[in-house]
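The report below works through one protein model, taking up its salt bridges, its sheet and a patch on its surface in turn. Please keep the sequence and the coordinates at hand while reading.

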Amino acid sequence: MKPRIVRPDAERRGRANERGATAVELALVLGLFITLMLGVVDITRWALMAQGLQESARLGARLAAVCDPHDPVVKQRVRERIASWTGSPGRSPLEMAEPALEVEYAPAGCTAATCTSVRFTLSGAALPGVAPWWGGDLPLPTAWIEIPREGLSSRVDGRSNPACR
């Protein structure tokens with residue numbers, strides 16, 4: 001068997017044919033990696049905002065349970081809570097649309113003495129996506145909580161209830 005002799009110039013010519021392959025591979029892999037990272041960021045932001053929305057609904061239900069029915073402080077405090085985790089009221093750094101707040105007392109038309117439960121709902125919130133393939137806002141799930149009505153009111157012994165201020 002005759003040994004194969006490789007000339008140095010032939011070896012260089014083979015590498016010259018692959019000169020741009022590394023750049024093309026880097027562009028493909030880097031594009032996929034950045035796309036994946038943007039997706040992870042979007043999903044993480046969405047989960048954080050969904051959890052914050054549920055926590056705000058819990059606060060609203062608690063306030064609605066201990067304050068007088070239809071006390072305006074309930075919705076005001078929930079809006080303040082939402083603004084605290086999304087940014088300033090009116091314009092958040094996340095540009096999240098403000099959700100609709102709804103308080104329902106059961107049975108319908110009850111008074112502070114006859115209400116048995118409170119349902120607080122936050123709906124219609126959406127978060128703009130960072131990743132380009134979303135093509136719009138990511139809708140957040142409706143957050144609601146229903147709890148029993150407690151026998152407290154906005155005024156206790158002539159003084160303002162601290163939870164309802």
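A residue is called buried when its relative accessible area is under 20%, exposed when that area is over 50%, and partly exposed in between, with a 1.4 Å probe and protein chains only. By that scale Glu-55 is partly exposed, with a relative accessible area of 30%. The model is predicted, and for this reader it matters that local features need pLDDT of at least 70 and side-chain atom pairs count only at pLDDT 80 or more, while totals for chains, interfaces and linings use all residues. Residues are numbered from 1 along each chain as its sequence is written, and side-chain values use heavy atoms, with hydrogens and water left out.

**Salt bridges**

A salt bridge is taken here as a side-chain nitrogen of Lys or Arg within 4 Å of a carboxyl oxygen of Asp or Glu, and by this rule the count comes to three.

| Pair | N to O distance |
|---|---|
| Asp-42 and Arg-45 | 3.3 Å |
| Glu-55 and Arg-58 | 2.9 Å |
| Arg-119 and Glu-146 | 3.8 Å |

Helices (H or I, at least four residues) and strands (E, at least two) are DSSP runs, numbered from the N terminus. Asp-42 and Arg-45 are three residues apart in helix 2, and are therefore separated by about one helical turn; Asp-42 is buried at 0% relative accessibility, and Arg-45 is buried as well, with a relative accessible area of 18%. Glu-55 and Arg-58 are likewise three residues apart in helix 2, about one helical turn, but Arg-58 is partly exposed at 35%. Arg-119 is partly exposed at 26% relative accessibility, and Glu-146 is partly exposed at 43%.

**The sheet and its surroundings**

Two strands are said to pair if DSSP finds at least two bridges between them. Three strands form an open sheet in the order 1-2-5, with antiparallel pairing; strand 1 and strand 5 are the edge strands, each pairing on one side only, and the twist averages 10° from one strand to the next. Strand 1 (residues 100–106) is joined to strand 2 by seven bridges, with Val-103 opposite Phe-120 and Glu-102 opposite Thr-121. Helix 2 packs on the sheet and touches strand 1, strand 2 and strand 5, its direction making about 30° with that of strand 5; axes are lines fitted to C-alpha atoms, for helices over the stretch in contact, and angles run from 0 to 180 degrees between N-to-C directions.

Strand 2 and strand 5 (residues 143–148) pair over six bridges, and Leu-122 stands opposite Ala-143. Five of the seven residues of strand 2 (residues 117–123) are buried, so this strand is largely enclosed by the rest of the structure.

Lys-75, in helix 3 (residues 72–86), is partly exposed at 32%. Apart from its neighbours within four places in sequence, Lys-75 is in contact (heavy atoms within 4.5 Å) with Leu-101 and Val-103.

**A nonpolar patch**

Leu-26, Leu-30, Phe-33, Ile-34 and Met-37 make a nonpolar surface patch of about 480 Å². Patches are made of residues with over 30% relative accessible area and no salt bridge, like charges being joined within 9 Å and nonpolar side chains (Val, Leu, Ile, Met, Phe, Trp, Tyr) within 5 Å; accessible areas come from the Shrake-Rupley method with a 1.4 Å probe, and for residues only the protein chains shown count as cover. Ile-34 lies in helix 2 (residues 21–66) and is partly exposed at 44% relative accessibility.
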